[in-house]
Amino acid sequence: MGTRSAVTGGRLQSVPAAPESEPAAPEPVSAAPESVPAAPGPATRSEARAAFKDSLGVGLAFLPLGLAFGALVTQSELPWWWAGLSAALAFGGSFEFLLIGLVTAAAPLAAIALSAFMVNVRHVFYALSFPLHRVNGRVGKAYSTYALCDEAYALTTDEQARSWPGRRILWLQFLLHLYWAGSSTAGALLGSLLPDSVTGLDFALTALFTVLALDAVRNLRGDLPTPALALLSALAARLLFPGQMLLAAFALFTAGLLARHVTTHREPGHA
């Protein structure tokens, strides 16, 4: 603190100088609030509920088919747990019915692998339009690829499903997987209670594919060339490759779709 001089009543007096103003202490800078990620719970639950509603129709069709598969397992003198285990691991639908005969006949592994490839080779063509790019993470993509079945493909490639996020697709596939494994296990446990007079359970899969095909054709909005191309591919495969009709029909149909895409979406050349 310093002093200053002042004249008071003719005398020179020393007056203490006013204290210098100390610099104001800087205000504490509040740390920026850390961004708290939104809790994924509500969004995940809403997507799970939506996937559950989407899967109900297919789940109802899976129920009698899984019961029939489980009953067939027990009637083939295989342990009851074999139905649920094969349904969860193989998840091949029609191939699992064929697998029962291969296992009971003690077929070699090479024959089982070749049969699985021939029955499920259609899934290779599903990858051309299945929305796998919406599924995030390596684990999610791996499971989505593993759990890709005909019903999941039909539901996720529908016009109304073009805005579905990846979690909804994964929930849908998981629920379908659960329906099939659960109904197969239940069928194996209750197989002995089903009377032999019950018939028509094996038609559930055919009826399900028919309904899904009709929905797909209905969403084409008058695009008749696609069903016509599928029919022509099946007829050509039946005539030219009767022993490999399924594989040949899918190959011809895919080639026809690719050729139509190239010819219809080709941009006109500039002058």
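With a relative accessible area of 44%, Leu190 is partly exposed, because that class lies between the buried limit of under 20% and the exposed limit of over 50%. Leu190 belongs to helix α8. The model is predicted.

**Nonpolar surface patch**
- Leu190 is one of the residues of a nonpolar patch on the surface, together with Trp80, Trp81, Leu85, Leu89, Tyr146, Leu189 and Leu193.
- The accessible area of these residues together is about 860 Å².
- Helices α2 and α8 (166-190) each supply at least two residues of the patch.
- The largest share, three residues, comes from α2.

**Helix α2 and its end**
- Besides its contribution to the patch, α2 has buried residues, namely Trp82, Ala83, Gly84, Ser86 and Ala87.

**Positive phi in loops**
- Glu77 is found in the loop between α1 (40-75) and α2 (81-89).
- The phi of Glu77 is near 65°, a positive value in a residue other than glycine.
- Glu77 is exposed, with a relative accessible area of 74%.
- Ala106 is found in the loop that lies between α3 (94-104) and α4 (109-120).
- For Ala106, phi is near 55°, which is likewise positive in a residue other than glycine.
- Ala106 counts as exposed because its relative accessibility is 63%, the cut-off being over 50%.

How values were computed:
Residues numbered from 1 in each chain as written. Predicted model: local features only at pLDDT ≥ 70, side-chain atom pairs only at ≥ 80, totals over all residues. Heavy atoms only, no water. Helix = DSSP H or I, 4+ residues; strand = E, 2+ residues; numbered from the N terminus. Buried < 20%, exposed > 50% of the residue type's maximum accessible area, 1.4 Å probe, protein only. Patch = residues over 30% accessible without salt bridge, like charges linked within 9 Å, V, L, I, M, F, W, Y side chains within 5 Å. Areas by Shrake-Rupley, 256 points an atom, 1.4 Å probe, with all protein chains shown as cover. Salt bridge = Lys/Arg side-chain N within 4 Å of Asp/Glu carboxyl O.
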